[in-house]
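Work through the exercises below with the sequence and the structure open. Try each task before reading its solution.

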Amino acid sequence: MAELETQNYIEDEGISLIDLFLIVWRKKFLIAFLSFLGLVLGGAVAFVMNGNNETLATIVEYQWDGINEGEYPNGARFEASNSFTVTVYLNAIEAAGVELTSNEVREQLTIRPIVPNNILNAIQQAIENGEELTYFPTAFKYSLNAGQLGINEAQARTLLNALIDGFREDFEAKYIQQAVVLNYALTNLDTYDYSEVARIYGTQLELIESAIEQVLPEANTFVSTELGLSFNDVLVELDLVRTVDLNNMNALINTFLLTKNIDRAITRLEYNNEIKALELAKETQVLTNLQAAITSYPGSEQTIVIPGLDGTIETTTYLEVLYTQLLVSQRTIAELEQDIAFNESRIVLYEAQRDNNGNSPAAQEALAELTEENTGLLDTTNTIINTLVTNTNTLLEEYNLIVVRNIATNLTSPTVEEGSNTLLFAAIGLVLGGIISLGVVFVDHTMKDFQKKKQA
């Protein structure tokens, strides 16, 4: 009996376990209420904490020549923390429709590099071996604390996306060729003569070729989805225009300019013949002098013997030099006589073709072929060059769009990061509420028991 009493009573308190259970049972509603209150308060605290620190995050991967060395394409150091300019921040804030400053957004934007596990292992191994291993990350996690900025989830998501888009646009403006080839063929060419028009067309073809060659090494296999053409296709057509249409145009222009006024052409040929006649007279005198020098030359072959050397050295005699100069002079005279004869034949031809106004039918034919409406060479070449410019710009726009899109790739869309664990906080609140309620119950019971003993 004594052992049973010892088991059922706590000697110091004088309360049996059954009495403890009964006390808790009688106050079960109070305990349940206080525990539930703790549960609610714990959940509320977690909700408030999450609301004040709601964070959206996205992972972005960068790709361009030099990023693996931590550099921009121009060799400048790339730092993700400074990758957004003030203009990019301001444009993103405007896109999100929020009233914030660039500094406020910058302070609440956290950028952390993402290093693959194999790289981490390699770095750890290098440290253990006493070596240095430099790694430049290409992927980064961007976290924006929307709660601290006082903006909602949608605004934060727009702000993050706009920042990445702004970086792409800024990068394109600084480091990527803009997809614009100016079209000078659209200029009003009526105020230019035909030779100037031909030079404008030639310059236009050079601009197209230069723009394509800047991107061709990387875009050699690129094909436009809109046109079904590659940059090489455009270059082939460009070369065809240059070697056929433009050369034909220049030939017609030269014919027209040369023969449009026969009197002027004849005068030019006659002046040219006068110059060549003077050169012929001078060269004839040189030939006469050479012939006289050869006839009166008294010398003979000379052989030089140098002591200590085997054999002899044959020197070129003065007579051989004279004969060489004679041949050159005779050749020059023959060429001048041929040029003079050709010019005289052209003069005779032009005089035969000259009409009463001093114009040539050949010039009129060349002019007609250049300017004939709809089928003229000028109009045809202009249309072809316009098409080349349009196709080149379309190709560049499509290619640059792909390049810029790959510069910064969102590996994940902006999503809300898990903040304080609401269930954990609620459970903690429930436990604390239960402990407090039990404490209240036992304190109340102890006080009442003390009052009873005091009255007794």
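Predicted model: local features only at pLDDT ≥ 70, side-chain atom pairs only at ≥ 80, totals over all residues.

Residues are numbered from 1 along each chain as its sequence is written, and side-chain values use heavy atoms, without hydrogens and water.

**Exercise 1.** Classify the pair of F84 and F167 by its ring geometry.

Solution. 
- Apply the rule: Phe, Tyr and Trp rings (for Trp, the six-membered one) pair with centres within 6.5 Å; planes under 30 degrees apart are stacked, over 60 edge-to-face, the rest tilted.
- This rule gives 18 aromatic pairs.
- The centres of F84 and F167 are 6.4 Å apart and the planes stand at 75°, so the pair is edge-to-face.
- Now place the residues. F84 sits in the loop between β1 (55-62) and α4 (86-96), F167 in helix α8 (residues 153-175), 83 residues apart. Helices (H or I, at least four residues) and strands (E, at least two) are DSSP runs numbered from the N terminus.
- Both F84 and F167 belong to one aromatic cluster, with W64 and F171 also among its members.

**Exercise 2.** Find which residues of α8 meet α14, and sort the contact by residue class.

Solution. 
- Take contact as heavy atoms within 4.5 Å.
- F167, R168, F171 and E172 in α8 meet N400, V404, R405 and I407 in α14.
- Sort them: Ala, Val, Leu, Ile, Met, Phe, Trp, Tyr, Cys and Pro are nonpolar; Asp, Glu, Lys and Arg are charged; the others, Gly among them, are polar.
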